[in-house]
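I opened my notebook to get to know a new structure. Come along and look things up with me.

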Amino acid sequence: MAVRLKDIARDLNVSTVTVSKVLRGNPDISEATRARVLQRMQELNYQPNMLARGLASGRTYTVGLVVPDLVQTFFAEFAKSLSEVLRETGRALIIASSEDDPAIEQSEIRTILSRGVDVLLVASCQQNLASIYQSGDERTPYLLIDRNYPELEAPFVGGDDFAVGRMATQHLIDTGRKRIAHITGRPLSPSMERARGYRETLAANQLPVDESLVVRFDHMDEAGDREGYAAMQRLLGEHPDVDAVFCYNDLAAIGAMEAARDAGRSIPKEIAFVGCGNMPYARYLRTPLTSIDQSTERLGQQAGRLAIQLAEQPNLEPRSVLLEPTLVVRESSLTTSAK
């Protein structure tokens with residue numbers, strides 16, 4: 001016999017309304033009650049009838065996610081964490097990759113919207129984003145992730161990229177580095193904010209802001225290792241006195257370190273490196289990589305909770321959720337005296 005909501009409510013001595021709110025992800029339920037209900041659902045192998053719920057509520061209990069690259073560690077971990085939160089309320093996740101191409105992104109958005117998702121999450125690769133929609137469907141609420149476009153006044157969940165730039169640069173300065181270069185990505189909010197943090201931190205420490213030490217490549221998310229290698233080759237050719245590099249992400253740092261080794265440079269004695277993303281295998285590299293941890297798991301969780309709120313309250317007042325990064329120091333940025 002199928003398990004019903006009122007069976008779970010009776011077992012836990014709570015109302016069916018409470019159980020229903022947990023299933024819908026309503027925020028006005030205590031975490032203790034939510035945990036009890038979810039545990040009992042799992043014990044009874046409760047499977048909500050999503051078709052019936054959808055017909056009754058006019059919702060599909062699905063959430064769409066469009067990201068630039070599904071292979072890139074950051075977005076893969078984000079999607080995993082997001083999916084776990086949605087799963088608790090019986091929601092399904094539809095994922096698409098834009099391949100960092102604005103035209104493909106628009107096509108994927110139209111495809112996902114045509115499936116009637118309740119909420120759309122987008123890490124857009126558009127340089128100038130006037131609107132998510134080009135298909136006339138402006139009823140579906142959306143949430144920007146990782147890449148912000150303040151002019152849209154839309155809900156946003158991401159890391160504090162300005163703090164990333166400050167933290168990485170200050171760490172390199174604190175270890176005695178003077179000629180600090182920056183390998184950055186295409187002009188989207190994460191790269192621009194990290195570069196701003198880099199420049200302002202140099203200035204605050206009375207170090208020159210030399211724009212020739214800033215090297216930009218456009219495909220850091222999907223081809224960061226190759227781009228980082230090429231960027232480091234350029235830096236070494238034009239500025240052989242560089243003694244540190246803050247890289248847009250860990251992939252770029254891996255490529256840049258390989259180029260430095262191929263040029264006969266010692267890491268970290270001659271050149272120090274800091275990446276961003278704190279990839280799971282960063283500690284196992286030939287030279288363990290100092291990196292900025294963006295709390296990717298927490299970002300996915302926050303995005304999931306906000307997406308559920310938007311599904312229940314499509315006209316929710318837009319707000320931004322910024323998570324503070326943390327510095328994870330490893331061998332790539334420490335001199336022998338600093339260890």
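**Strands and sheets**

I began with strand β3 (residues 119–122) and strand β4 (residues 142–145), which pair in the parallel sense over three bridges. Two strands count as paired if DSSP finds at least two bridges between them. Helices (H or I, at least four residues) and strands (E, at least two) are DSSP runs, numbered from the N terminus. In this pair, Leu 120 stands opposite Tyr 142 in β4.

A note on the source: this is a predicted model, in which local features need pLDDT of at least 70 and side-chain atom pairs count only at pLDDT 80 or more, while totals for chains, interfaces and linings use all residues. Residues are numbered from 1 along each chain as its sequence is written, and side-chain values use heavy atoms, with hydrogens and water left out.

Next I looked up the sheet around β3 and β4: an open one of six strands, ordered β2-β1-β3-β4-β5-β11, with parallel pairing. At its edges I found β2 (92–97) and β11 (320–323), each with a single partner strand, so one side of each has no neighbour in the sheet. Neighbouring strands here are turned by 15° against each other on average, direction ignored. Axes are lines fitted to C-alpha atoms, for helices over the stretch in contact, and angles run from 0 to 180 degrees between N-to-C directions.

I then found another open sheet of six strands, in the order β7-β6-β8-β9-β10-β12, and its pairing is mixed. Its edges are β7 (214–216) and β12 (326–328); each has a single partner strand, so one side of each is left without a neighbour in the sheet. The twist averages 20° from one strand to the next. Strand β6 (residues 180–184) runs parallel to β7, joined by three bridges, and Ile 183 stands opposite Val 215 in β7.

**Helices across the sheet**

Which strands does helix α8 (residues 189–204) lie across? I noted β6, β7, β8 and β9, with the helix running at about 170° to β6. Helix α7 (residues 161–174) lies across β6, β8, β9, β10 and β12, at about 165° to β8. Contact means heavy atoms within 4.5 Å.

**The lining of the largest pocket**

I finished with the largest pocket, lined by 18 residues, of which Glu 31, Arg 34, Val 85, Glu 88 and Arg 305 lie nearest its centre. A pocket, on a 1 Å grid over the protein atoms alone, is an open set of points where a 1.4 Å probe fits, with protein on both sides within 12 Å along at least five of seven lines; lining residues have an atom within 4 Å of a point. α11 gives the most to this lining, with five residues.
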